[in-house]
Amino acid sequence: MEAALSEARLALEAGNIPIGAAIVHDGKIVALGRNAIDVPGDDTAHAELKAIQSVALFLTKHKRQCTLYTTLEPCMMCMGAIINVGIDSLVIARPDPDIGAICLLPHAEYYNFKRGSLSVISGFMATESQALLTEYVRLTGARRHLLPNAA
C-alpha cells in the first residue's frame, strides 16, 4: 500500500485526484498506476486501469496470483477490469460509498460466472489515503464527497 500511496501523492502533485494503485505478485510490485483523469483529462485514466494495462500480458499468464492495492475503492469500470484480468485479492485503503462498486459484486451475474469470489480487505492505511483526498478537496474545492463524513 505504501507504493500505491506514493502514486497517489504523484497524482496529487500533477493536479489529479490522489488515487494510486499497485499490483503485487509473489511479494514483488509488478505494476503501478496513478489517477490522471483531471490532467491531462481522460475520464478512463483511473489508477487501477493504468496499472492493469501496463502489465496486461503478465496478468494473463498469472491469473488468480496477484493482489491489487488501491487507495480508494474501485468504481464499476475498474471492478470490471479487476474481475476480467483475474486479480485474486484486492486491498483498499478507503471505501467510497458514493462511487465504489464492491457492494455490487454479489449481485452481478457476470461476476459470479467469471470469478465467483474476490478476497477484499478494506481500511488498510485509510488515514493516509484520506489525508491526500482531503488535501485535494482543499486545493481544488472539487469532489467534496471525498471528505470524511461528507453528506
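Visitor: In what sense do strand 3 and strand 4 pair?
Guide: First, some ground rules. This is a predicted model, where local features need pLDDT of at least 70 and side-chain atom pairs count only at pLDDT 80 or more, while totals for chains, interfaces and linings use all residues. Residues are numbered from 1 along each chain as its sequence is written, and side-chain values use heavy atoms, with hydrogens and water left out. Helices (H or I, at least four residues) and strands (E, at least two) are DSSP runs, numbered from the N terminus. Two strands pair if DSSP finds at least two bridges between them. Here, strand 3 (residues 66–70) and strand 4 run parallel, joined over four bridges. Tyr69 sits opposite Val91 of strand 4, and Leu68 faces Leu90 in strand 4.

Visitor: Through which helix does the chain cross from strand 3 to strand 4?
Guide: Handedness first: with the strands pointing away from you, a crossover is right-handed if the path from the first strand over the helix to the second runs clockwise. In this model the path goes through helix 4 (residues 76–85), and the β-α-β crossover is right-handed.

Visitor: What other strands pair with these two?
Guide: On strand 4, strand 5 (residues 119–122) pairs in the parallel sense over four bridges, and Ser89 has Ser119 of strand 5 as its bridge partner. Strand 3 also pairs with strand 1, this time antiparallel, over five bridges; Val24 stands opposite Thr67 there.

Visitor: Which way do the side chains of strand 4 point?
Guide: In a regular strand the side chains alternate between the two faces of the sheet. In strand 4 (residues 89–92), Ser89 and Val91 point one way and Leu90 and Ile92 the other, and all are buried. Buried means under 20% relative accessible area, exposed over 50%, and partly exposed in between (1.4 Å probe, protein chains only).

Visitor: Why is strand 3 described as largely enclosed by the rest of the structure?
Guide: Because four of its five residues are buried.

Visitor: Which residues have the most contacts inside the largest nonpolar core?
Guide: A nonpolar core is a set of buried Ala, Val, Leu, Ile, Met, Phe, Trp, Tyr and Cys residues joined through side-chain atoms within 4.5 Å. The largest one has 45 residues, and Ile23, Ile52, Leu59, Leu68 and Ile82 have the most contacts inside it. Helix 4 gives the most to this core, with six residues. As for Ile23, count heavy atoms within 4.5 Å as a contact. Beyond four places in sequence, its contacts include Ile52, Leu59 and Leu68.

Visitor: Is Ser129 buried or exposed?
Guide: Ser129 is buried, with a relative accessible area of 1%. Ser129 lies in helix 6 (residues 126–140). Setting aside neighbours within four places in sequence, Ser129 touches Leu5, Thr71, Ala93 and Arg94.

Visitor: What pattern does the whole chain follow along the sequence?
Guide: The chain has six helices and five strands, in the order α-β-β-α-α-β-α-β-α-β-α.
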